[in-house]
Structure formats: structure tokens, C-alpha cells
Amino acid sequence: MEIIKNASLQCLNTFGVDASAKYLSHIRNLQDIEALFEWKAKNDLPNLILGGGSNLLFKSDYQGLVAKVDLLGKDIANEDDEAVYVSAAGGENWHEFVIWTIQQGFAGLENLSLIPGCVGAAPIQNIGAYGVELSDTFHSLQTVNLENGEIQEFDKEHCQFGYRESFFKSQTLDKLLITSVTFRLAKKPEWHVNYAGLREALAGEMLSADIISKAVIEERQRKLPDPANIGNAGSFFKNPVLKVKDWEVLKAAHESLPGFPQSHNDNVKTSAGWLIDQAGWRGFRAGDAGVSDKHALVLVNHANASGAELWQVAEDIMASIEDKFGIRLEPEPRVIS
Ligand SMILES: Cc1cc2nc3c(=O)[nH]c(=O)nc-3n(C[C@H](O)[C@H](O)[C@H](O)COP(=O)(O)OP(=O)(O)OC[C@H]3O[C@@H](n4cnc5c(N)ncnc54)[C@H](O)[C@@H]3O)c2cc1C
């Protein structure tokens, strides 16, 4: 395992923040994982597991070792009468994996097309879009414990998936490296096309995974700024989940407040983007840090904003939303200082 000293992370995070790591290594195979494990035993420094860097904000330089996961490989692991089981290594690009499953004739991941990042990071926040979450098709995953080298298999129950949450995000960040993930894709697919934007685009269409994926891609390209053109990490805040009575009080004061009742409890999810828009933040700019004019939920780096400057905008938004609506927004990306 090669270790690079004082490495730039600018190309390794989609905000394009010019932070550096004291040490950087690329994890390409089992030997690299073993070497990382040995390095950790000898060096009393923190480590950060990095995928595509699309859900991170480097608030400052990282004073430890960044382990960039570049494990590759994907295959059809198994099949029964009802489903196929497809696996991909942690460093595989998520979107390319989704397209590969569709090309094999499988369905189930199409609504999650074009989400940036790697397969190994996808379970960390149980990625979701257009009414579908990773947990809907998740079967199992494999990890290596970077403290003792132990290999473990997790089934769905043990991953404790929730809205942008998992066991790995709340309990084992940077300890358990996800080496591969397996999905169960049903042979009789259920289409999820009732989400606003998709429903209209697909009205009258003969549905297939390919058609839905293309509609999702078009919708995402229309609505979201592309990190290749302007630095960002997608939605910067989670949608707040409110108790029904709190939502009703807010709704009485703001007639157009969106509300999505949760099927598994009595809570109502509302839109962080709507709240931020109402507070007038869309298109805000302070130096090179700002809020997208395409989507109020997306913080953007116009050119050379530092992580601290972007975080300042995030903090100002959180304070303003709390002041105006009494809701404390929670950041979705991991903030690293
Ligand atoms: C334009 C844009 C749109 C987006 N849209 C969506 C969306 O619709 N839905 C959604 O849910 N997310 C969305 N995201 C957020 C992001 O793409 C996802 O969270 C993605 O899964 C992050 O993957 P990554 O490889 O970039 O992870 P990173 O940002 O590199 O890491 C994220 C977290 O996962 C950990 N991690 C990474 N790899 C591993 C591994 N192999 N093992 C253990 N831990 C690991 C990291 O330590 C970190 O805590 C969007 C981001 C952007 C930039």
C-alpha cells in the first residue's frame, strides 16, 4: 500500500474544497486492507474511509490517514425463482453499477440512478431518491474491521436502516470498511413512479427499468446542479420529520407547507428545501460559498470557497430556519474538521 504524504483532497470531494490529508492511501485489494490494518496498529492517528467524497464537507485539513476505497468488481452472486442477487465491491461507482444491473435485464435500482458516489458508501446513509431507498432492495454486506481485521457479514436487520441513517453511520464510522454489498432484485418488479416529476414524465409510457432510469436521470439533471460544473454535495440538509401536532401548527401558519405522512409512524416529513426557499436563501452568495439558484437545499462552491466558509453559510441557514419556523435543520453530509 503506497502512502502519499500531504496529499490534496480537492479532486476527491465533490465540493472541490482545497483541503489536504496528512496521509492518503488507495485501497485496491485485500493486501492493501491488511497493510492499512498494520499501519493503524503502528501509528496513533485517526483514519477516514473515503468513497467518492460526495457526502462530505472538509471544514479543515485532515490530520490523519484518508483511505480511499478503490475495490472493484461486480457479479451475479445467486438466483432463485423469485429474485437475482447482485454484488458489487465497495469502490464501484454507484451509478455505473445501477446501469449495469439494468443492462443485465434486472430491475429495482432504477429510481436511484445518477446518485454520485461509490457502492460501499451507499448503505451508510441508506441513499434514497424518488420514493425508493437502498434498503428496499438491500440483501447483505461485508465489512472489514480496521481495528482487529475481523471480516463480518451484515443482513438487513442488523444494518438498522432509517431515513438517511444506518448502524454504520451512527456506530462504526471509520472502523468498519464496507468491502462489498449484495442486492436482492425481484424478478417481478414493482415500479415506483408516483413521485412528483416522475409521474408526469412517465404518463402513458410502457414502464421498464430502463425507461424509469432515463426519466430519473433527466429529472435530476434538470433539478440538481452538477458537481462537474459547480462544487456541491447534493442536499445539504435532511428533510425534518415533525410530530403531527407540530406540523399542523406550522401548516396553519404556512398554507403551502409540504407534508408527507410517514407510513411507519404518526410523523410528517416536511421539505427542508421549501423552508430554506421561504427564508429567502436561494441564490445567496458570500464570496465563493453560497446556495444554488436551482435548488435551495444545495450549498455550492462557486470556485475557491473553503470548507469553513461553506459551513458558515450552513450555520447561518440553520439559525435562520430555527428563528423563522422553530425547526433545527440537520446537515446530511458528514462535516469533517
Ligand atoms: C449532486 C448530488 C446529488 C446527490 N443526490 C443524492 C440523493 O438523491 N440521495 C442520497 O441519498 N444522496 C445523494 N447524494 C449524496 C451522496 O451522493 C450519497 O450519500 C453517496 O452514497 C455518497 O457516496 P460517496 O462514495 O461519495 O461517499 P463519501 O462522501 O466518500 O463518504 C460518505 C460517508 O461514507 C463513509 N464511507 C465511504 N465509503 C465507505 C466504505 N466503503 N466503507 C465504510 N464507510 C464508507 C465515509 O467515511 C463517510 O462517512 C448526492 C450528492 C451529490 C453531490
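Is Leu-71 buried or exposed? At 8% relative accessibility, Leu-71 counts as buried, where buried means under 20% relative accessible area, exposed means over 50% and partly exposed is in between (1.4 Å probe, protein chains only). This is a predicted model, so local features need pLDDT of at least 70 and side-chain atom pairs count only at pLDDT 80 or more, while totals for chains, interfaces and linings use all residues. Residues are numbered from 1 along each chain as its sequence is written, and side-chain values use heavy atoms, with hydrogens and water left out.

**The ligand site**

- The shell around the ligand holds 36 residues, and Ile-49, Gly-51, Gly-52, Ser-54 and Arg-220 come nearest; a residue is near a molecule if one of its heavy atoms lies within 4 Å of it.
- On its own the ligand has 980 Å² of accessible area, and the protein covers 95% of that. These areas come from the Shrake-Rupley method with a 1.4 Å probe; for residues, only the protein chains shown count as cover.
- Which elements give two or more residues to the shell around the ligand? They are β3 (47-50), β8 (128-129), β12 (176-186) and β13 (231-235). Helices (H or I, at least four residues) and strands (E, at least two) are DSSP runs, numbered from the N terminus.
- Sorted by class, the shell has 19 nonpolar, 12 polar and five charged residues. Ala, Val, Leu, Ile, Met, Phe, Trp, Tyr, Cys and Pro count as nonpolar, Asp, Glu, Lys and Arg as charged, and the others, Gly among them, as polar.

**Aromatic rings**

- How many aromatic pairs does a search of the whole structure find? It turns up 15. Rings of Phe, Tyr and Trp (its six-membered ring) pair if their centres lie within 6.5 Å; planes under 30 degrees apart count as stacked, over 60 as edge-to-face and the rest as tilted.
- Take Trp-274 and Phe-325: their ring centres are 6.1 Å apart and their planes are at 50°, so the pair is tilted.
- Trp-274 belongs to helix α8 (residues 272-278) and Phe-325 to helix α9 (residues 307-325), so the pair ties together parts that are 51 residues apart in sequence.
- Both partners are tucked away: Trp-274 is buried at 13% relative accessible area, and Phe-325 is buried at 7%.
- Elsewhere, ring pairs link Phe-15, Phe-236, Phe-237 and Trp-311 into a cluster.
- Lys-269 lies over the face of Tyr-163, 3.9 Å from the ring centre. For a charge to sit over a ring, NZ of Lys or CZ of Arg must be within 6 Å of the ring centre and within 35 degrees of the ring normal.

**Around helix α4**

- Phe-168 is in helix α4 (residues 167-171), and at 1% relative accessibility Phe-168 is buried.
- Most residues other than glycine have a negative phi.
- Arg-164, though not a glycine, has a positive phi of about 55°. Arg-164 is in the loop between α3 (156-159) and α4 and is buried, at 12%.
- Asp-174 also has a positive phi, of about 70°, without being a glycine. Asp-174 is in the loop between α4 and β12 and is buried, at 12% relative accessibility.

**Other buried spots**

- Leu-71 lies in the loop between β5 (62-69) and β6 (74-79).
- Asn-111 is in the loop between α2 (94-103) and β8, and its relative accessible area is 0%, so Asn-111 is buried.
- Ile-336 sits in strand β20 (residues 334-336) and is buried, at 6%. Ile-336 and Leu-48 are 288 residues apart in sequence, yet their C-alpha atoms are 9.3 Å apart in space.
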